[in-house]
Amino acid sequence: MTERIISTSVLVIGTGGAGLRAAIELRQQGVDVLAVGKRRKHDAHTTLAAGGINAALGTMDPEDSWQQHAADTIKESYNLADPRIVEIMAKNAPEGIRELEAWGMPFAREADGRISQRFFGAHKYRRTCFVGDYTGLEIQRTLLRRAETLDVPIIDTVYISRLLVADNHIFGAYGFDIVDGSRVVIHADAVILATGGHTRIWRQTTSRRDENTGDTFRLAALAGARLRDVELVQFHPSGIMEPADAAGLLISEAARGEGGILRNALGERFMSRYDPERMELSTRDRVALAISTEISEGRGTPRGGVLLDLTHLDRDVILTRLPRVYRNMLDLQMLDITKDPIEIAPTAHYSMGGVWVRPEDHGTDVAGLYAIGEASSGTHGANRLGGNSLAELLVYGRIVGHAAASYSRGLEAQTRSTEAVGEAKGEIDTLLASRGFDNVRSMQRAIRDLMSEHAGVIRNEEGLQNGLAKLDAVEARLPDLAVHPDIAGFDDLAHALDLKGSLIAARATLESALARRETRGAHNRSDYLKLDPALKVNMVWSLTDGLTQEPVAETPPEIEQLMVSTEESVVGKLVE
Ligand code: FAD
């Protein structure tokens with residue numbers, strides 16, 4: 001098989017919003033850059049983002065400020081977000097919006113021309129900018145247009161299987177072309193990981209097939225970087241349950257915002273037991289927990305869900321305010337939501353943890369390696385505020401672009417390792433020679449089943465230990481793997497590597513969840529029902545050192561005083 005060698009100053013892995021924003025910055029800085037991705041650039045996960053992007057512009061509520069944005073974010077993170085990262089994100093988000101605007105992003109506007117801003121749950125003010133419910137798609141389009149204008153080179157058929165490291169310094173990455181299988185060694189001074197999260201390792205997930213399979217975790221961990229907060233996964237309350245290949249598909253929170261009612265199989269409106277004041281408009285983590293509790297206590301539907309009832313709403317309201325939900329349910333289940341309730345269950349939605357990064361530039365433990373977007377950590381703690389992930393990736397895309405550019409400029413010499421390249425090559429050779437009888441899809445399914453059963457919304461010691469034992473059993477099947485590239489391409493090889501990523505991501509999640517012996521935000525332990533102030537720490541996981549705990553930086557007093565309780569803050573329309 002042919003092997004190409006490419007050289008660039010900075011390699012960006014990932015062509016979603018985060019990777020594109022970083023690549024644009026590098027180009028603007030006059031630095032040689034290459035961006036690669038394993039999925040068509042027009043179809044990155046970012047395109048799914050619906051409801052909007054946060055920035056304290058104050059167009060609707062002039063009292064808003066970046067300080068209040070930071071306070072809401074830290075408060076809702078259950079004090080696990082890094083206040084320094086949050087501050088940088090909140091302070092710079094308005095600039096990110098202005099840039100997008102200048103590059104042609106068609107933000108929704110008020111009659112007088114101001115950018116419209118709407119409420120997202122648990123924000124004190126209206127600060128979410130949007131383009132209908134296609135915000136992510138428009139961000140992706142806008143960034144791609146800008147990248148094209150600047151001639152940013154993008155190859156979106158390259159699967160990166162290893163980062164190349166010598167003496168704890170990055171010197172590039174190794175991969176192959178998914179279409180023709182040709183190998184590629186990419187030499188680079190600096191590498192930016194923008195490869196997304198790991199939510200596809202749950203059965204119910206808002207991620208599509210072969211995305212968010214945990215590649216980030218594997219690439220970073222094998223390179224010697226640490227992972228942080230991996231156990232903290234946001235479960236969105238409402239994902240559909242059928243058909244199997246669409247399980248977890250998001251039913252927007254707008255459905256509850258418009259007046260949708262949650263009922264258990266007994267017909268009870270159960271939110272009155274969990275949050276009588278806000279009922280269905282409670283925060284994401286609380287509604288997901290309420291639904292899971294109903295199901296685990298035997299009041300769920302036979303399939304293990306609850307019912308989201310919109311049938312009392314005016315038909316016109318449904319058709320005009322929830323057109324996507326209406327159309328999706330007809331297409332996927334032949335269900336008319338104006339007549340019948342939707343069966344839903346919580347769905348893995350967002351990886352709040354990721355690669356450990358420095359607050360100032362999102363650099364990692366490996367010199368020259370950076371991480372951004374859903375691949376990184378530190379912004380969301382134990383509960384992400386809707387709209388903040390798009391803000392984070394825009395802000396840090398620019399910062400990381402700067403940092404990687406100056407790292408590359410300042411690099412006097414580079415050490416490379418033929419051994420590291422040989423190891424990466426050998427791994428693919430071995431996989432391609434795998435002629436066993438076990439199937440990647442069945443092993444992926446086994447991981448998704450065990451994660452759903454043992455590391456879902458509600459967890460406990462026994463379940464997590466069982467999960468680890470089952471994971472060992474899946475890992476033991478690896479030598480019997482069958483990998484058969486065919487005339488259609490090398491997808492089979494990509495899936496085998498996805499599987500290896502999922503194994504590491506699942507192990508890191510289960511081990512970190514075991515160590516967090518408390519209930520905090522999205523992490524609910526039925527054997528430790530209370531928040532433990534002593535665990536105001538981040539769980540940090542690495543392949544070499546296992547699990548350690550790191551204290552969270554102190555929140556500055558000026559921000560702390562703005563951290564009103566969620567109950568006091570305005571709970572607006574929930575739309576993501
Ligand atoms: P992605 O867009 O996932 O891009 C990852 C890139 O990495 C892809 O190009 C992929 O091909 C590449 N890649 C991965 N592995 C490899 C590999 N091994 N080799 C090469 N390339 C690789 N957030 C908000 O702020 N507001 C919202 O309203 C919102 N709504 C959402 C609605 C839905 C349904 C979902 C699922 C998410 C939503 N989010 C929202 C979250 C947000 O969309 C994501 O967190 C964000 O888009 C992630 O962007 P990213 O660039 O980090 O990663």
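Residues are numbered from 1 along each chain as its sequence is written, and side-chain values use heavy atoms, with hydrogens and water left out. Because the model is predicted, local features need pLDDT of at least 70 and side-chain atom pairs count only at pLDDT 80 or more, while totals for chains, interfaces and linings use all residues.

**Strand 1 and its partners**

Select residues 3-13, which are strand 1. Helices (H or I, at least four residues) and strands (E, at least two) are DSSP runs, numbered from the N terminus. Two strands pair if DSSP finds at least two bridges between them. Val10 stands opposite Val33 of strand 2.

**Ile170**

Move to residues 169-177, strand 7, and pick out Ile170. Is Ile170 buried or exposed? Its relative accessible area is 1%, so Ile170 is buried (buried means under 20% relative accessible area, exposed over 50%, partly exposed in between, with a 1.4 Å probe and protein chains only). Next, show what surrounds Ile170, leaving aside neighbours within four places in sequence: the residues in contact include Leu163, Ala188, Val191, Val366, Leu369 and Gln414. Contact means heavy atoms within 4.5 Å. For a distance, select Tyr396 as well: Ile170 and Tyr396 are 226 residues apart in sequence and 20 Å apart in space, C-alpha to C-alpha.

**Helix 1 against helix 4**

Select residues 17-28 for helix 1 and residues 135-149 for helix 4. The two helices pack at an angle of about 25°, and their axes are 10 Å apart. Axes are lines fitted to C-alpha atoms, for helices over the stretch in contact, and angles run from 0 to 180 degrees between N-to-C directions. Helix 1 and helix 4 are therefore roughly parallel (angles under 35 degrees count as roughly parallel, over 145 as roughly antiparallel, 65 to 115 as roughly perpendicular and the rest as oblique). Helix 1 passes helix 4 in a left-handed crossing, the term for a near helix turned anticlockwise from the far one by less than a right angle; right-handed is clockwise.

Show side chains at the contact: Gly17, Leu20, Arg21, Ile24 and Gln28 come from helix 1, and Gln140, Leu143, Leu144, Arg146 and Ala147 from helix 4. These contact residues divide into five nonpolar, three polar and two charged. Ala, Val, Leu, Ile, Met, Phe, Trp, Tyr, Cys and Pro count as nonpolar, Asp, Glu, Lys and Arg as charged, and the others, Gly among them, as polar.

**Helix 14 against helix 15**

Next select residues 461-476, helix 14, and residues 491-515, helix 15. Their packing angle is about 160°, with axes 10 Å apart, which makes helix 14 roughly antiparallel to helix 15. The crossing of helix 14 past helix 15 is left-handed. On helix 14 the contact residues include Leu464, Leu468 and Leu471; on helix 15 they include Leu503, Leu510 and Leu514. The residues of this contact divide into nine nonpolar, two polar and five charged.

Zoom in on strand 10 and strand 13 (342-351), joined by six bridges; His236 has Thr347 as its bridge partner in strand 13.

The other open sheet has the order 14-9-18-19, again with antiparallel pairing. Strand 14 (354-355) and strand 19 (546-551) each have a single partner strand, so one side of each is left without a neighbour in the sheet. Inspect Leu227 and its bridge partner in strand 18, Trp541.

**Backbone details**

From strand 10, follow the loop towards helix 6 (254-257) to reach Pro243. The peptide bond from Glu242 to Pro243 is cis, with omega near -10°.

Finish at Asn79, in the loop between helix 2 (66-76) and helix 3 (83-102). Asn79 is not a glycine, yet has a positive phi of about 65°. At 30% relative accessibility, Asn79 counts as partly exposed.
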